[in-house]
Amino acid sequence: MRIDIFTLFPEWFGWLSEQRHVANVLSGGSSIECVNFRDHTPLTGGQVDDTPFGGGAGMVLRVDVMDAALRGRYGVDPVELRRRRRVIALAPTGRLLDDGLVDELAGEPELTLLCGRYEGFDERILEHFASDVVSIGRYVLSGGELAAMVLCDAVLRKLPGALGDERSAHEESFSAALEGNPEYPHYTRPAEYRGWKVPDVLLSGHHERIEQWRRERSRERGAGEASGGH
Ligand SMILES: C[S@@+](CC[C@H](N)C(=O)[O-])C[C@H]1O[C@@H](n2cnc3c(N)ncnc32)[C@H](O)[C@@H]1O
């Protein structure tokens with residue numbers, strides 16, 4: 001998978017690329033490349049933003065700057081580009097990222113991520129250049145970089161070779177293997193600590209009963225989640 005990230009802070013992504021599961025995927029032929037859209041601005045002084053029409057606080061990322069940056073990278077009109085590859089703008093107002101969307105994105109050969117800053121994007125960027133607008137939660141971050149990293153982490157760990165044991169990604173919270181439910185609880189040694197005992201069934205060595213116990217706990221958590229609890 002080839003991921004391009006449009007950001008004003010490309011240096012942030014050095015850290016992400018060094019993390020074990022990301023590095024595993026990158027060494028297998030995938031790539032994460034950053035484009036600083038300030039480098040493509042047609043405006044003087046590296047300007048990328050401007051004051052909002054209608055007044056108000058903050059600065060808005062300009063549509064002509066993003067147009068120039070996307071054209072500079074791909075050599076096509078960004079309106080056409082989004083028909084060829086997923087161009088994902090990170091924004092708090094977007095579709096909430098969940099395991100289903102992560103699975104969908106993990107099947108793409110190429111992704112382009114647009115990281116906002118300040119008051120966010122001129123709406124025409126979202127309307128005309130983005131194929132998707134994605135939010136990582138109903139709260140506001142200072143910029144799209146952390147949101148892009150969350151998306152990259154979740155997507156890349158689904159790719160072959162990312163994790164030491166492929167089974168780790170198969171049976172995880174919200175996966176189809178667990179019928180979309182949260183994962184069951186895990187325990188390790190010691191079997192008893194401060195009087196807190198590990199459930200007997202997990203020490204029984206009885207694989208079918210363990211499997212059944214795990215499914216039941218997972219479903220219970222799913223039901224609890226639906227009613228607002230853990
Ligand atoms: C300070 S935020 C802009 C918030 C915007 N004025 C609003 O109220 O919706 C700046 C940038 O951070 C990113 N961002 C902030 N929160 C996010 C979230 N929950 N999910 C995805 N991106 C987010 C977006 O790229 C956004 O353009």
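1. Start with Phe 174. Phe 174 is partly exposed, at a relative accessible area of 42%. Its phi is positive, about 75°, although Phe 174 is not a glycine. This residue is found in the loop between H8 and S8. Keep in mind that the model is predicted.

2. The loop between helix H8 (167–170) and strand S8 (192–193) also holds Pro 190. The peptide bond from Arg 189 to Pro 190 is cis, with omega near 0°.

3. Now Arg 194. Its phi is positive too, at about 50°, and Arg 194 is not a glycine either. Arg 194 is found in the loop between S8 and strand S9 (196–197). Is Arg 194 buried or exposed? Arg 194 is exposed, with a relative accessible area of 64%. The cut-off for exposed is over 50%, so Arg 194 counts as exposed while Phe 174, at 42%, is partly exposed.

4. Next, the chain as a whole. The protein chain has 10 helices and 9 strands. Of its 230 residues, 43% are buried. The C-alpha atoms fill a box of roughly 70 × 40 × 35 Å, taken along the principal axes.

5. On to the ligand. The space it takes is the largest pocket. How many residues surround the ligand? There are 20. The closest are Leu 90, Gly 116, Glu 119, Tyr 139 and Leu 141.

6. Which elements build the shell around the ligand? Strand S5 (86–96), strand S7 (132–135) and helix H7 (144–156) each supply at least two residues. S5 gives the most, with 3 residues. By type, the shell divides into 11 nonpolar, 7 polar and 2 charged residues.

7. An oxygen atom of the ligand lies 2.6 Å from a polar backbone atom of Leu 90. For Tyr 139, a polar backbone atom is 2.8 Å from a nitrogen atom of the ligand. At Gly 144, a polar backbone atom is 3.4 Å from a ligand oxygen atom. Taken alone, the ligand exposes 580 Å², and the protein buries 83% of that.

8. Leu 90 and Tyr 139 are among the closest residues to the ligand.

Technical notes:
Residues are numbered from 1 along each chain as its sequence is written. This is a predicted model: local features need pLDDT of at least 70, side-chain atom pairs count only at pLDDT 80 or more; totals for chains, interfaces and linings use all residues. Side-chain values use heavy atoms; hydrogens and water are left out. A residue is near a molecule or strand if one of its heavy atoms lies within 4 Å of it. A polar contact is a pair of N or O atoms within 3.5 Å; within protein, one must be able to donate a hydrogen and the other to accept it, and residues adjacent in sequence count only if both atoms are side-chain atoms. Accessible areas come from the Shrake-Rupley method with a 1.4 Å probe; for residues, only the protein chains shown count as cover. On a 1 Å grid over the protein atoms alone, a cavity is a set of points where a 1.4 Å probe fits but cannot get out, and a pocket is an open set with protein on both sides within 12 Å along at least five of seven lines; lining residues have an atom within 4 Å of a point. A molecule sits in a cavity or pocket if more than half of its atoms lie within 2 Å of its grid points. Helices (H or I, at least four residues) and strands (E, at least two) are DSSP runs, numbered from the N terminus. Ala, Val, Leu, Ile, Met, Phe, Trp, Tyr, Cys and Pro count as nonpolar, Asp, Glu, Lys and Arg as charged, and the others, Gly among them, as polar. Buried means under 20% relative accessible area, exposed over 50%, partly exposed in between (1.4 Å probe, protein chains only).
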